[in-house]
Amino acid sequence: MASLKEFRDRIDSVKSIQKITKAMQMVAAAKLRRAQEAVEAARPYAARMSAVVGNLSVAMDGRPGAPELLVGTGKSDTHLLVVASADRGLCGGFNSQIARHARVEISRLLGEGKTVKILCVGGKAADQLGRIHSDNMLDVISLREHKNIDSTVAADISTKILTMFEAGEFDICTLIFSRFKSVISQVPTTQILIPAMQSLDEAASAPDLGGAAYDYEPDEEGILKVLLPRNLATQIFQALLENVAGEMGAKMSAMDNSTRNAGEMIEKLSLQYNRKRQSMITTELIEIIAGAEAV
Amino acid sequence: MMTARLQFSLVSPERELFSGEVDGVDVPGEEGDFGVLPNHAPVMTTIRMGAISIKDGAETRRMFLRGGFADVTPAGLIILAEAAVDLATLDAAKVAKDLRNTEEDLADAKSDDARRKLQDRLGYLQALQNAMMN
């Protein structure tokens, strides 16, 4: 049976853990607020961008010479999956959830006889996917060195993807990330980045121009050539922001749970400790009384 | 003739910088500067690095853009800027200092990649300084 000292030590250690989880929860809450603001601030740009791409693709529809970024290479043999996850653990099921989602997608594509290449953004999903699919893993991009996710991070990633696309290393690029729905709910989302045509909203129809025709300066192709890479960077940027917000949300609720758990644990241990102390006092008293009676 | 106003919004990837009604906007297009007034014919164009002027009554606000797109529709003007700063909030001395620092960094740069990035930044700062002087 554990001695009183052991009980005291355990209670102390649980208390320290509780302090740590509490601090992590508070840090995550502060970061979450900032991340959430960033996601919301970035939405207008992404929305406008897809509207503009939508307009252009309607204009380009069915015409020859459309850029491959928009309409695809015409094949779907090699898929590039960009999987965004957190770089750190201790955020509940966040990373496992995205990794599971990615794994299902990978198995499906492999089952169809396609070649799959994986590019991980954030180390945790890479750790999990690497166990089974290490042959397919191209690279892992860590976000740890970037304190804030800004558009240059996304631009770097999109440049990398574009270079590969131009080299003909894949046909279809799909982005897998967690969409930040609320603090307690992050939805794993699959979004096709290349060809851009497939990801456009049905709602992105041509705007009302009052009968006038759009003038393009330079021509449609010239604009698309600049716009599509930018659009790619924007989609990735948006996804990264959602990803960070989701990570912080998941971390906050996970740490909140642990803090509460630690509290319950302390209560239970304190109760046991007190019972034990009382029973020892009682035993001692009985011994003394018994001793006194014997005299 | 109705007194039309131009619905103008300027957004960068990080946030929306301006949204509202103005009298007109001068935009540095890739193939020449152009002014946008209310009820402009629909145009879509790329923007080079440079300053836009937002005219509202007697006031003119100048913002410096680091490239982007302008989408003009009868409904208004939308500018998607890669990066944008308000020239009124900039400190000339600070820009000059940044410029000097970047020049020094460029001289010390080791890899081609770093050099290319710094060169980009240098071009940006120089253009920024020019815009501030006008």
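Student: Let's start with strand pairing. Which residue in β2(B) does Leu6(B) stand opposite?

Tutor: Leu6(B) stands opposite Val22(B). Keep in mind that we're looking at a predicted model.

Student: Okay. How many bridges hold those two strands, and in which sense do they pair, parallel or antiparallel?

Tutor: β1(B), residues 6-11, and β2(B), residues 16-22, are paired antiparallel through six bridges. The two strands make a hairpin, with four residues between them.

Student: What does the rest of chain B look like, in terms of helices and strands?

Tutor: Chain B has ten strands and two helices. Going from the N terminus, the order is β-β-β-β-β-β-β-β-β-β-α-α.

Student: And what box do the C-alpha atoms of chain B fill?

Tutor: Roughly 60 × 25 × 25 Å, along the principal axes. Of the 134 residues in chain B, 26% are buried. If you take the contacts in chain B with a separation of 6 or more, 46% are between residues 24 or more positions apart.

Student: Back to the two helices. At what angle do α1(B) and α2(B) pack?

Tutor: About 155 degrees, and their axes are 9 Å apart. Here α1(B) is residues 92-108 and α2(B) is residues 112-133.

Student: So how would you describe their relative direction?

Tutor: Roughly antiparallel, because angles over 145 degrees get that label. As for handedness, α1(B) passes α2(B) in a left-handed crossing.

Student: Which residues meet there?

Tutor: From α1(B) they include Val95(B), Leu99(B), Thr102(B) and Leu106(B). On the α2(B) side, Leu118(B), Leu122(B), Leu125(B) and Met132(B) are among them. By class, that contact has ten nonpolar, five charged and four polar residues.

Student: Switching to the interface. How many residues of chain B are in contact with chain A?

Tutor: 22 residues of chain B, which are in contact with 23 residues of chain A.

Student: Which elements of chain B give two or more residues to that side?

Tutor: β5(B), β8(B) and β9(B), which cover 43-47, 68-73 and 76-81. The most comes from β5(B), with four residues. Sorted by class, the chain B side has eleven nonpolar, six charged and five polar residues.

Student: Which strand of chain A is joined to β5(B) by bridges?

Tutor: β6(A), residues 215-217. Three bridges join β6(A) to β5(B), and the two run parallel. One pair to click on: Asp215(A) has Val43(B) as its bridge partner.

Student: What does Ile78(B) touch, leaving out residues up to four places away in sequence?

Tutor: Arg48(A), Ser9(B) and Asp71(B). Also, Gln7(B) is 71 residues away from Ile78(B) in sequence, yet the C-alpha atoms are 8.3 Å apart.

Student: On to chain A. What's the strand order in its five-strand open sheet?

Tutor: β3-β2-β1-β4-β5, with mixed pairing. β3(A) and β5(A) are at the edges with a single partner strand each, so each has one side without a neighbour in the sheet. On average, neighbouring strands are turned by 20 degrees against each other, ignoring direction.

Student: Where does the mixed pairing show up?

Tutor: β1(A) and β2(A) run parallel, joined by seven bridges. In that pair, Leu80(A) is bridged to Lys117(A) in β2(A). By contrast, β4(A), residues 172-182, pairs with β5(A) in the antiparallel sense over nine bridges. There Ser178(A) stands opposite Pro188(A), and the hairpin from β4(A) to β5(A) goes through two residues.

Student: Last one: which residues of α4(A) are buried?

Tutor: Gly123(A), Lys124(A), Ala125(A), Ala126(A), Gln128(A) and Leu129(A), in a helix spanning residues 123-133.

Methods
Residues numbered from 1 in each chain as written. Chains lettered and ligands numbered in written order. Predicted model: local features only at pLDDT ≥ 70, side-chain atom pairs only at ≥ 80, totals over all residues. Axes fitted to C-alpha atoms, helices over the stretch in contact; angles between N-to-C directions. Parallel < 35°, antiparallel > 145°, perpendicular 65-115°, else oblique. Left-handed = near helix turned anticlockwise from the far one by under 90°. Contact = placed C-beta atoms within 7 Å. Nonpolar A, V, L, I, M, F, W, Y, C, P; charged D, E, K, R; others polar. Buried ≥ 20, exposed ≤ 12 C-beta atoms within 10 Å, placed from the backbone. Pairing = 2+ DSSP bridges.
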